[in-house]
Amino acid sequence: MSGVPLSRQETVGAAVWQALLDAADRAVVVRDGRGLVRVVSRRATELFPELRPGDQLAGVAGFTGSEQGPVETTCQGLPWLWTPTQLDADHVAWHGDPAEPEEPWCEKCAQSRFLANSSRLLGSSLRRDETLRSIVQLAVPTLADCCAVVLPSRRGRVEWWRYTRGGDTEHGRVGQHVLRSVTTLAEAFSGSTTRPLPGQPVPGARLDWLVAANSAVPDAVTVVPLRHEGLDAGALVLAGNGSHSVDSHGADSHGADSHGADSRGADSRGADSRGADSRGADSRGADSRGADSRGDQLDVVRDYASRAAAALSSAHSYSEQARATEVLEASLLPAELPETPGVAWSACYRPAQSSIRVGGDFYDVYPESDGRALFLLGDVCGNGVEAATLAGRIRHTVEALRLVETEPTKLLHLLNKAILTSADNRFATLVVGALERLDSGAVRIRLASGGHPSPVVLRASGAVEEVAVPGTLVGVLPDPHFGEATVTLSAGDVCLLYSDGVTEARGGSDGSEQFGAHRLTDALGSGAGLPADHLTHHVERLLDAWLAGRDHDDVALLALQAV
C-alpha cells in the first residue's frame, strides 16, 4: 500500500490496513494514476482470482481504465456495481457491491439461489476444460475450502482438477494410486454408489492432487459420485479445514455464499443467531434444527454434484463432436502447397460461412518426383457442409485417378463418370493443369476446363492475358466436352486460377455491383512484378476493400509463377 495516503498510515502498518480491507464484506480495488492495481481486498480477490498488485486494471471484467463514474461488471456470472472514491490525485479506490437487490436472509432461499446460479454458470460453456474449471471454482467456498474433480483418463491414468480458496485452479494427471489416497474415493469413482460418502485422507498417501504443496491435510472430506448420461466414472471431492470443514455427514458448516447465494447464508457465526435465542431454546430443538441443517446441506451437495455431472456430460459430448468436426474439416481443407523446381506456388482460400473452415471451393497440387506436377482448382455448386463434402470427395477421387491418368482432359472425363455414378445430385466446375519444366527454364502448362472461369496469365511485363478454355460442367452430362489450352510461362510470369466467388463478389456504393473480370485484370496488372504469394495477397486485399465487410461466396485463388 506504499504511496496510498490512507488515514494514519504513519502509525498503522500496511499489513493492518490490508487485514482491515480483507475483513470487510465489500470488494475494494485501488489503482494508481498509471492504471496499475495497488491494493486488492480479499473479497475482490475472490471475484478476480488472477488480479494481482502491479497488474493493469484495464481489461479486468468491464473496466477500461478511463472510467470517471460507476462501472457495471459481471463477476462470476452476476452483475456488480463499482463506485469510485478519489483518494488523492493519483489513487482511486473502486468499491464493489452486487447490483442485484438484497433479499431477506433465508438459508433455504440462499441454497436455492446458489444451485440456480450454479446451473446457469455451469451451462454457460460447452467447452470441457471451462466446465471443469467452473465446477471446482463454484463449490468454493460455499461447499468447502477446496474442491477437486477426478475423472478417468487415457492409459489407466486419472485426470484431476482442483481449486482451493485463495489459490488458483490447477490440473494434472496421475496414476490410479490417487483413488487409494482418500477412503471411499474408489467406491464413488467406480459408480458402485450414488450417494455422497464421508471420507478421510489415508495416512502417508500423496494428496498433491487435492491440496496445494505445503498445505495442511484436510480435516474432513466428502466424496460425491459424478454420474450422468455418457459419464461412466468420476467423483467430486469436497475438503475443508477448521471452521470450514465438511463434516462426516457431508454437510458444510458454512451454507451458501457469494456465488449467487446470499453471502450471509450460514457464516462464521456457526449456528444461526436466530436459532437458540436469549431466552434459552430447548437443546433438543437445537439438535433437530442442526440435523435438519446438515440434511439440507447434504441435499445441496448431492444436487450440486448432479448438476455438475450433467454439465460435464454435455460438455464432454460437445467436445467429442467438436473434435470429430475438427478432424473432418481438416481432411477437407486444402493441403499445404508443395515445393516444385522452377515454380513458386501461392493460394487463398476463404469459405462463405465463417462458422466453418471449409466450403465448396477447392484446390490441390500433386507434385511428381521428376519435377512435373498436376494441379487443379474447382467449385462445387452451393456452399456450406454439403458442398464441402463433395469438394472433398472430388479431391480424393482425383488423387486416386492421377495414379493411372495424368492427361488433364482424360482425367476430367474419368472424374465426370465418378460424380455421375454417385448419389449426389450436385455438380462442379473445374480447371485441371499439368506443368513441366522445359530445358530452356520456361514452364509449360496444359490446361483442361469443365465449365470453370478461364485462367489468367500475368506476364512479367505487366500484360494480362486470359487463357480461354471452354468446357461443360463436370457431373452433369454423360458425354461432356472439355476444352484444352497450352500456355508457356517465362521467368516472372504468373498463371492464376480463381473461382467465381472472386468475380461475382458484390460491393461498390450500394453492394449490388460485381467485382467482375475487369477489376480482377486491373488488380493483377497493378501487382506486376510481385512474387506469387504477394500477388495473391494483393488481390485478396483489393477484394476485401470491394466487399467492405459484406457477405460473399466461397473464394479460392491458386497462383503459380515461373522462377
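R42 is partly exposed, with a relative accessible area of 31%; here buried means under 20% relative accessible area, exposed over 50%, and partly exposed in between (1.4 Å probe, protein chains only). This is a predicted model, in which local features need pLDDT of at least 70, side-chain atom pairs count only at pLDDT 80 or more, and totals for chains, interfaces and linings use all residues. Residues are numbered from 1 along each chain as its sequence is written, and side-chain values use heavy atoms, with hydrogens and water left out.

**Salt bridges**

- A salt bridge is a side-chain nitrogen of Lys or Arg within 4 Å of a carboxyl oxygen of Asp or Glu. The count by this rule is 24 salt bridges.
- R42 pairs with E46 through a side-chain salt bridge at 2.8 Å, N to O. Both residues sit in helix α2 (residues 42-47), 4 residues apart, about one turn of the helix. Helices (H or I, at least four residues) and strands (E, at least two) are DSSP runs, numbered from the N terminus.
- E46 counts as buried, at 17% relative accessibility.
- A network of salt bridges links R42, R43, E46, D145 and R165.
- R307 and D303 form a salt bridge of 2.8 Å, N to O. They are 4 residues apart in helix α6 (residues 283-332), so about one helical turn separates them. R307 is partly exposed at 27% relative accessibility. D303 is partly exposed at 27% relative accessibility.
- R350 and D544 also meet in a salt bridge, at 2.5 Å, N to O. This pair links distant parts of the chain: R350 lies in strand β12 (residues 343-350) and D544 in helix α11 (residues 532-547), 194 residues apart. R350 is partly exposed, with a relative accessible area of 22%. D544 is partly exposed as well, at 33%.

**Nonpolar cores**

- A nonpolar core is a set of buried Ala, Val, Leu, Ile, Met, Phe, Trp, Tyr and Cys residues joined through side-chain atoms within 4.5 Å. The largest one has 30 residues, of which I135, L143, V149, L226, L236, L238 and Y304 touch the most other members.
- At least two residues of this core come from each of α3 (107-122), α4 (128-138), β6 (146-152), β7 (158-164), β11 (235-240) and α6. Helix α6 gives the most, with 8 residues.
- Contact means heavy atoms within 4.5 Å. Leaving aside neighbours within four places in sequence, I135 is in contact with L122, C147, V149, L236, Y304, A308 and L312.
- A second, separate core has 29 residues, including I356, Y363, V469 and A556.

**T340 in its loop**

- T340 is placed in the loop between α6 and β12. T340 is buried, with a relative accessible area of 7%.
- The T340 side chain makes a polar contact with the W345 side chain, at 3.0 Å. A polar contact is a pair of N or O atoms within 3.5 Å; within protein, one must be able to donate a hydrogen and the other to accept it, and residues adjacent in sequence count only if both atoms are side-chain atoms.
- Not counting residues up to four places away in sequence, T340 touches W345, P367, G371 and L435.

**Helix α11**

- Helix α11 has 16 residues and reaches 23 Å from its first C-alpha to its last, close to the 22 Å expected at 1.5 Å a residue. The expected span of a helix is 1.5 Å times one less than its number of residues.
- The buried residues of α11 are A532, L535, T536, H538, V539, L543, W546 and L547.
- A548 follows α11, with a positive phi near 55°.
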